[in-house]
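Below are my notes, in the order I looked things up.

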Amino acid sequence: MSWGTELWDQFDNLEKHTQWGIDILEKYIKFVKERTEIELSYAKQLRNLSKKYQPKKNSKEEEEYKYTACKAFLSTLNEMNDYAGQHEVISENMTSQITVDLMRYVQELKQERKSNFHDGRKAQQHIETCWKQLESSKRRFERDCKEADRAQQYFEKMDADINVTKADVEKARQQAQIRQQMAEDSKADYSLILQRFNQEQWEYYHTHIPNIFQKIQEMEERRIVRIGESMKTYAEVDRQVIPIIGKCLDGIVKAAESIDQKNDSQLVVEAYKSGFEPPGDIEFEDYTQPMKRTVSDNSLSSSKEGKAELKFGGKSRGKLWPFIKKNKGVTPEDFSNFPPEQRRKKLQQKVDDLNKEIQKETDQRDAITKMKDVYLKNPQMGDPASLDHKLTEVTQNIEKLRLEAQKFEAWLAEVEGRLPARSEQARRQSGLYDGQTHQTVTNCAQDRESPDGSYTEEHSQESEHKVLATDFDDEFDDEEPLPAIGTCKALYTFEGQNEGTISVVEGETLSVIEEDKGDGWTRIRRNEDEEGYVPTSYVEVYLDKNAKGAKTYI
């Protein structure tokens, strides 16, 4: 089957058909493009939906996510965010693998079609020119034959007329011969042009047109194959993200299965338990006896001693604890307006927060001390005296935080002494940070508070551990930049104001080019032209196992 032989006379219809094929391809491109826009819009809406229901930081809503049901919901939101990302992947892949590719192919197809039909029209014009030449030669031959016939008849008439002179007869004979010769010449010319036209026509219908139509047929078949491949790609792009979407859905199911109603119930107990004992029986008070009566010690009243005076026939001025209204004022520093158990939780949280601040300040002091020691050994790197003010400031902050921690630990010890014995697990949780402060906070629960509430313990600077400084690199290597052996993330902001150091911002990711050699400093690089040292305690290092010189930490 060949268009050149089967459709040799359908040039115009083929031209219309191939244009229709390009229109179909452009329509499919438009369809895929609109699908990518829908995917992007859907992904954006899913992300906005997930963001809308995310808990706000430092809000009461964030505290609610300690419950397993809320954690599962948060996991669902995160999975939906990843789910949205897969729809963005679909959009990106369809754009790069289908839309862009097909748009480029359409331009090439249009150019190829234009070239083929240009060749076809050129061949048509040539055969039409040959046909016109043939028609012109034919008409000329016909005209010359008629002229020769008329000239011959005139000669015969003149020759038969006896009244015509011999000269006139001779002239008519010569004219007839001339016309006869012209007819013979026109005949020969017509015959030659006819042969040439037949040859051109045979080549046109058996060579030129079949070749051109064959190219057009191949072009059209390639277009059909291409659109079929694009449809397969369309399906594969969707198929590729199905496993990841399945993992997202599995994650939602796993989060749902992790919901523990008993655990949530226990969290409610821990959140709202007051620590009070239920009130005991109220003693019978006999008003028939004219005597001063008092409320039973076992009943809880609004007075500190649990007693309230009653007038005969009157009502108690105090109320049972469960019905006491909460104070709507400023929360005291010692949280004394909270029930015992809740007060203990608040105090424990405050102590833990202070311990973290103390540890952070201690790390900063250690780093400054090591830097000062480096400057003492290598004066060209900086002036040691420039760090004294900062070191003093950090030391004062540590002292202030320690005193603050001692105060809250005293209140915590007081509350824990009054509460019933707690479980071993609760005690372990309350002392979670005791082993993480590296002796920065001492135990102040014993002999810490005098009868008037003042603190008798004095802090000694001798209790502060001294930092052992080690050698630092003499100078930066200015020859060839060191290769990166890993990355690091800044845990805190560090102002590198001295020579050889570099400033970092909390959360910033940088390249590690030299590990901590024991001196407490890590050499890092930002971009390609900015590098320096930062305290190792200020960054979290991720070494590349394949990098030369990198150590493996377990």
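Before anything else, I wrote down what I mean by buried: a residue under 20% relative accessible area, with exposed kept for over 50% and partly exposed for what falls in between. I also noted that this is a predicted model.

**Entry 1: the overall layout**

I began with the chain as a whole. Its secondary structure comes to nine helices and five strands. Reading along the sequence, I get α-α-α-α-α-α-α-α-α-β-β-β-β-β. The chain has 554 residues, and 35% of them count as buried.

**Entry 2: aromatic pairs**

How many aromatic pairs does the structure hold? I have 13 down for it. I picked out Phe-11 and Phe-117 to look at. Their ring centres are 5.4 Å apart and the planes stand at 80°, so I call this pair edge-to-face, since planes over 60 degrees apart count that way. Where do the two residues sit? Phe-11 is in helix α2 (residues 11-52) and Phe-117 in helix α4 (residues 68-160), so the pair ties together parts 106 residues apart in sequence.

Then I checked burial. Phe-117 has a relative accessible area of 2%, which is under 20%, so Phe-117 is buried. Phe-11, at 5%, is buried too.

Next I went to Tyr-53 and Phe-73. Here the ring centres are 6.4 Å apart and the planes are at 75°, so this pair is also edge-to-face. Tyr-53 lies in the loop between α2 and α3 (60-63), while Phe-73 is in helix α4, so the pair links parts that are 20 residues apart in sequence. Tyr-53 is partly exposed, with a relative accessible area of 41%. Phe-73 counts as partly exposed as well, at 37%.

Tyr-492, Phe-494, Trp-521 and Tyr-538 form one aromatic cluster. Elsewhere, the charged end of Arg-226 sits over the ring of Tyr-105, 4.4 Å from the ring centre.

**Entry 3: helix α2 and what it meets**

I came back to α2 to see how it packs. A reminder to myself: two packed helices are described by the angle between their axes and the distance between the axes. For α2 and helix α5 (residues 166-257), the angle is about 15° and the axes are 11 Å apart. The two helices are therefore roughly parallel to each other. The crossing of α2 past α5 is left-handed.

I also looked up Leu-46, which is in helix α2. Leu-46 is buried, with a relative accessible area of 7%. Between Leu-46 and Asn-81 there are 6.7 Å in space, C-alpha to C-alpha, although the two are 35 residues apart in sequence.

**Entry 4: the sheet**

In what order do the strands of the sheet come? The five strands form an open sheet in the order β4-β3-β2-β1-β5, with antiparallel pairing. Its edge strands are β4 (530-535) and β5 (539-543), each pairing on one side only. From one strand to the next, the twist averages 40°.

**Entry 5: strand β3**

With β4 it pairs in the antiparallel sense over six bridges. Strand β2 (residues 509-514) pairs with β3 as well, again antiparallel, over three bridges.

Ile-524 was a handy one to follow. Its bridge partner in β4 is Gly-532, and Val-512 stands opposite Ile-524 too. Further along, Arg-526 has Glu-530 in β4 as its bridge partner.

I looked at both hairpins. The hairpin of β2 and β3 has six residues between the strands, and Gly-518 takes a positive phi near 105° there. The hairpin of β3 and β4 has three residues between the strands, with Asn-527 at a positive phi near 60°.

Why do I call β3 largely enclosed? Six of its six residues are buried, so the rest of the structure largely encloses it. In a regular strand the side chains alternate between the two faces of the sheet. For β3, both faces are covered: Trp-521, Arg-523 and Arg-525 are buried on one side, and Thr-522, Ile-524 and Arg-526 are buried on the other. Trp-521 had already turned up in my notes as part of the aromatic cluster.

Methods: Residues numbered from 1 in each chain as written. Predicted model: local features only at pLDDT ≥ 70, side-chain atom pairs only at ≥ 80, totals over all residues. Heavy atoms only, no water. Phe/Tyr/Trp six-rings, centres within 6.5 Å; stacked < 30°, edge-to-face > 60°. Helix = DSSP H or I, 4+ residues; strand = E, 2+ residues; numbered from the N terminus. Buried < 20%, exposed > 50% of the residue type's maximum accessible area, 1.4 Å probe, protein only. Lys NZ or Arg CZ within 6 Å of the ring centre and 35° of its normal. Pairing = 2+ DSSP bridges. Axes fitted to C-alpha atoms, helices over the stretch in contact; angles between N-to-C directions. Parallel < 35°, antiparallel > 145°, perpendicular 65-115°, else oblique. Left-handed = near helix turned anticlockwise from the far one by under 90°.
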